[in-house]
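Here is a short report on the model shown below. Please keep the structure in view while reading.

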Amino acid sequence: MRDAGHEGYQEMSENMVRQLMDYSHFALASSQRIFLMKQVQDMVHESPSFPTLGAELVGLAYSANNPIIGAPDNLRPTQVDSVWQWVLPGRDRVALFTSRRIRSEVEKLIQQQALPPGATVTLLAPETDPFQVGAFASVALGDPFVDWWLELHLADESLFESTADRQVVIYLWTGALVIAALIAFAAIIAHYMRRQLQLNRLKSDLVSTVSHELKTPLASMRVLVDTLLDGHYQNGQMTQEYLQLIARENVRLSQLIDNFLTFSRLERGTQSFAFSQVDLTEVATTAFEVLRDKLEAAGFVVETAVASSPVLINGDRDALITVVLNLLDNAYKYSDEVKHIVLRVYQEDNAAYLEVEDRGIGMAQRETANIFERFYQMDQQLARQVEGCGLGLNIVKSIVEAHGGSIVVDSRPGAGSKFVVKCPLAATPSSKKLQRIAG
Amino acid sequence: MAGETILIVEDDPTMLRGLQDNFGFQGYDVISAVDGEEGLDKALSAEPDLIVLDIMLPKINGFEICRRLRAAELTMPIIMLTAKGQEEDIVMGLNLGADDYVTKPFSIQELLARANALPRRRGIEEAAV
């Protein structure tokens, strides 16, 4: 086949080279074009160079790694100036990009291209830049980027003349850049998609966790009620026992719903606290009384070391009770063999302290950094260790911070955890006055 | 169902109590476990005739228990309890060797009916072979 001397062969190969570099009239799939370019290079004696081959290869590699993205066929300008939309295929979601964003991404990509020294390329978005004087060549990006142009500037116009016929080379450079611009688009969209997918996963995790947590007590109640209705228990004592279990599940369900609602209100910033002077010792005792039965039934020993005189802070009594309930509940959930909880309230150095300490499973240092994050527990996915949805401690932290306080945890694996809430004491009469002036 | 042993693996004490009582009324010998590790141990050592298995369990989840039992060539019927009605969970459970499932909250009559049907179905299959 290789016969460089043959005139007909020479003509055919030149024709082939011309066609392969003609992007506007000779439509080919990227993989076909690459194949043909390589074949021609292989067969022709003086191997022609295809300046776009590099860009084609990059484009092909990219689309192979991102099969769902491909070329942004669905990208269209919107009715709003300078805003573009990209409709995700088969989905009811639309990605929006501003022209500025698109431009900066494409420019970033252009800068990464190996341009010959002295050559610069600028991207012109519609209505953003006037055409610059002195561009060596400019090329339209074409559909869907109507009115977008790439401009090639040369410090020294003789740069290309020495190497080849100028028109062809310029054309090829800009052709390569059009491909590069499309790749940049695919990259933006891929990035956007990843974020969307992560967000969606988080949302569906929340929905399934919430529904699991709500369904568990509901399912138990249904089994017990069905059993009673089936008339298996004729004797009053067993019936009584079942009713008590049902009542307990009912309370658990209410607590869960309260927590979800509190979380949702905190999240939307609509939780309003009713601040008044509150005695933290009374808050702690009340919360403990609520959980006393549950804790004692599970075999817990709860030690209360609460100051004998009131520890007064400015706060919302109900919210603070939620704090103590959630901390006690946390200690309950994460205790294994040793069921021992210490609840402390005291004042020290002009601050009020509330501590809940357990001798449970504890956690490693790196975990203590994350436990106040919402849904933290969710990382464990199906290997669920305990009931709950990972909202409790996040709620505690939000409430404590709304009170101008802070919460820290001291924990070691296997040794237990100690949560310490620190809040400013209620203002004394003199500082209260100052506060009123400041407020 | 007299004489048949059932293992119930369920971490929620109230649910466990309800299930124990009901399978007891049916004449099953009931053994139970409150986490995945204990559940797997008891399944391997007692080789019950039927297992009712929650998916969300402490230590080892229900899917994993199911997989390990089948890997150990234990063929007793397994019914999964799932609080998630999601199709992929159910498909995953069945692929790992579960025989049936009910979605929480479920009717105890339905669970009992499914449980009673399973050993019979297995018996028919074995007789046919």
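Strands E12 (residues 406-412) and E13 (residues 416-424) of chain A run antiparallel and are joined by seven bridges. Two strands count as paired if DSSP finds at least two bridges between them. Helices (H or I, at least four residues) and strands (E, at least two) are DSSP runs, numbered from the N terminus. Ser411(A) sits opposite Ser417(A) in E13(A). E12(A) and E13(A) make a hairpin, with three residues between them. In the turn, Gly414(A) has a positive phi of about 85°.

This is a predicted model, in which local features need pLDDT of at least 70 and side-chain atom pairs count only at pLDDT 80 or more, while totals for chains, interfaces and linings use all residues. Residues are numbered from 1 along each chain as its sequence is written, and chains are lettered from A and ligands numbered from 1 in the order in which they are written.

The table sets out the two chains. A residue is buried if 20 or more other C-beta atoms lie within 10 Å of its own, exposed if 12 or fewer, and partly exposed in between, with C-beta atoms placed from the backbone. Two residues are in contact if their C-beta atoms, placed from the backbone, lie within 7 Å.

| Item | Chain A | Chain B |
|---|---|---|
| Helices and strands | twelve helices, 13 strands | five helices, five strands |
| Buried residues | 26% of 439 residues | 40% of 129 residues |

Now to chain B. From the N terminus on, its elements follow the pattern β-α-β-α-β-α-β-α-β-α. Five strands form an open sheet with parallel pairing, in the order E2-E1-E3-E4-E5. Strands E2 (29-33) and E5 (100-103) of chain B stand at the edges; each has a single partner strand, so one side of each lacks a neighbour in the sheet. Within this sheet, E1 (residues 5-9) and E3 (residues 50-54) of chain B run parallel, joined by four bridges. Ile6(B) stands opposite Leu50(B) in E3(B).

Helix H3 (residues 62-71) of chain B has buried Gly62(B), Phe63(B), Ile65(B), Cys66(B) and Leu69(B). Seen down the axis of H3(B), these buried residues fall within an arc of 165° (taken from the directions from the helix axis to the C-beta atoms), so they line one face of the helix. After H3(B) comes Glu73(B), with a positive phi near 60°.

What does the core look like? A nonpolar core is a set of buried Ala, Val, Leu, Ile, Met, Phe, Trp, Tyr and Cys residues joined through C-beta atoms within 7 Å. The largest has 38 residues; Ile8(B), Val9(B), Ile51(B), Val52(B), Leu53(B) and Met80(B) touch the most other members. Helix H6 (166-229) of chain A is one of the elements giving two or more residues to this core. Beyond its neighbours within four places in sequence, Leu53(B) is in contact with residues including Val9(B), Gly39(B), Cys66(B) and Met80(B). Another core, of 34 residues, lies apart from the largest one; among its members are Leu295(A), Ile313(A), Val400(A) and Cys423(A).

The chains also touch. Their contact takes 23 residues from chain B and 19 residues from chain A. On the chain B side, H1(B) gives the most, with eight residues.
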